[in-house]
Amino acid sequence: MKPPGLRLKLTLAYSAILTVLLALSCVAAYYLFESQLEAEITDELADRVEALRGYTHFKNDVPTLIFKENDPEVALFVRTAARYHQIYSLTTGEMVSQSTEMQLLGLGLVPNEVRTASQASGPVDIETDDGRVRFLNDRVVSPSGQEYL
């Protein structure tokens, strides 16, 4: 049997190099796309939290979401943005209120975790049976000075 010629060796070498470069490009594009999506999701969450501040009012010194339920756009936004939320008193660490979806997930914090969460900045991801849920903590202060998370 005759050894492979120069043409075949060059063709195989170029094919191998092209395959490696293409694979590296795909991996780089994947990680770039993933980081861009993560940043956009975090920005969207921060925007929603900031917007919900406008609908957060204090009733008997406890924060509640108050909005015009007869305005379909506002109602949809508030219900969507506050789908997974909990409100904790930073003084006692006790839960003040939570959404129905959070209650169904069964996620909650004990007082020590509330204090730790109040010190953390940035989003927090929690794995559930249904997938990952991202939370962003925000502090609100009542007119009397009571702090809530």
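What radius of gyration does the protein chain have, and what would a compact globule of 149 residues have? In this predicted model, the protein chain has 25 Å, whereas a compact globule of 149 residues would be near 15 Å. The C-alpha trace spans about 90 × 40 × 25 Å along its principal axes.

**The chain as a whole**

Let's start with the inventory. The protein chain holds 4 helices and 8 strands, and their order from the N terminus on is α-β-β-α-β-β-α-α-β-β-β-β. Of the 149 residues, 19% are buried. The exposed surface comes to about 11000 Å², with 59% of it supplied by carbon and sulfur atoms. Among contacts with a separation of 6 or more, 42% join residues 24 or more positions apart.

Now to the inside. The largest nonpolar core has 7 residues, including Leu52, Phe67 and Val78. Helix H2 (residues 72–81) gives this core its largest share, 4 residues. Ala75 is one of the core residues; leaving aside neighbours within four places in sequence, Ala75 is in contact with Phe67, Lys68 and Glu69. Apart from this core lies another, of 5 residues, among them Tyr88, Leu90, Val114 and Ala117.

| Nonpolar core | Size | Members |
|---|---|---|
| Largest core | 7 residues | Leu52, Phe67, Val74, Ala75, Val78, Ala81 and Ala82 |
| Another core | 5 residues | among them Tyr88, Leu90, Val114 and Ala117 |

Which residues of helix H4 are buried? In this helix, residues 111–119, they are Val114, Ala117 and Ser118. Seen down the axis of H4, these buried residues fall within an arc of 100°, so they line one face of the helix. That buried set packs against strand S3 (86–88). On the other side of H4 you will find Asn112, Thr116 and Gln119, which are exposed.

**A closer look at Thr128**

Thr128 sits in strand S5 (residues 123–128). Is Thr128 buried or exposed? With a relative accessible area of 19%, Thr128 counts as buried, because buried means under 20%. A polar atom of the Thr128 side chain lies 2.6 Å from the backbone oxygen of Gly131. Not counting residues up to four places away in sequence, Thr128 touches Leu105, Leu107 and Val133.

Notes. Residues numbered from 1 in each chain as written. Predicted model: local features only at pLDDT ≥ 70, side-chain atom pairs only at ≥ 80, totals over all residues. Heavy atoms only, no water. Buried < 20%, exposed > 50% of the residue type's maximum accessible area, 1.4 Å probe, protein only. Helix = DSSP H or I, 4+ residues; strand = E, 2+ residues; numbered from the N terminus. Arc of directions from axis to C-beta. Contact = heavy atoms within 4.5 Å. Polar contact = N/O pair within 3.5 Å; in protein donor to acceptor, adjacent residues only side chain to side chain. Rg over C-alpha atoms; globule rule 2.2 N^0.38 Å. Areas by Shrake-Rupley, 256 points an atom, 1.4 Å probe, with all protein chains shown as cover. Core = buried A, V, L, I, M, F, W, Y, C linked by side-chain atoms within 4.5 Å.
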